[in-house]
Amino acid sequence: MSDRKIRSPLGDEEKREVWGEFADREDEYLTEVEQRWGDSGAYAQSAKRVAAYGKEQWERINRDNAAIEARIRELMDAGAAPSSEAAMDVAEAQRRHIARWFYDMTHEFHVRKSHLYVEDPRFRAGIETNTRPGAAEWLREAIAANASRHEPPPALHDHAP
């Protein structure tokens with residue numbers, strides 16, 4: 001493995017404060033990310049954005065994400081269906097959070113990425129650690145419902161008699 005690091009103004013101790021366990025496994029995770037998405041525009045965009053984030057930005061990213069997770073937990077505890085307006089709203093909040101801080105996130109790409117939440121144990125843990133078991137599936141369904149809500153209506157065609 002290389003000794004690759006995320007270009008960041010953060011020192012090692014600050015990384016541990018704001019990234020948690022990711023900071024200790026940074027090289028391992030970056031190798032995987034580069035192998036999976038290294039040739040994508042999203043990867044380049046994220047690398048550029050992340051390189052500029054200081055501790056305050058990372059604390060805000062973490063706070064905003066924690067609020068999204070708390071809302072997911074709240075909605076699930078209340079028995080909200082993933083297709084409910086509130087569930088779709090939290091899915092949209094997550095999509096916008098990713099788009100704001102990391103890379104452009106279309107609804108279609110959000111749906112594709114949501115499958116990782118269910119299929120990859122690390123993504124599942126990332127979703128369910130601060131929410132509850134089953135949140136990965138619930139969120140995937142809410143993301144799909146949200147994407148459907150934002151699809152443009154079918155084009156109307158003029159048919160002359």
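Let me begin with a term: buried means under 20% relative accessible area, exposed means over 50%, and partly exposed is what lies in between, with a 1.4 Å probe and protein chains only. What we have here is a predicted model, in which local features need pLDDT of at least 70 and side-chain atom pairs count only at pLDDT 80 or more, while totals for chains, interfaces and linings use all residues. Residues are numbered from 1 along each chain as its sequence is written, and side-chain values use heavy atoms, with hydrogens and water left out.

I turn to the salt bridges, each being a side-chain nitrogen of Lys or Arg within 4 Å of a carboxyl oxygen of Asp or Glu; the structure holds 13 of them. In one of these, E137 and R124 meet at 2.6 Å, N to O. E137 lies in helix 9 and R124 in helix 8 (residues 121-128), so this pair ties together parts that are 13 residues apart in sequence; helices here are DSSP runs of H or I with at least four residues, numbered from the N terminus. R124 is partly exposed at 23% relative accessibility, and E137 counts as partly exposed at 26%.

Another salt bridge joins E92 to R95, with the closest N and O atoms 2.6 Å apart. These two residues are three apart in helix 6 (residues 85-101), and are therefore separated by about one helical turn. E92 is buried at 7% relative accessible area, and R95 is buried at 13%.

Finally, E74 forms a salt bridge with R71, the closest N and O atoms being 2.5 Å apart, and here E74 is partly exposed at 47% relative accessibility.
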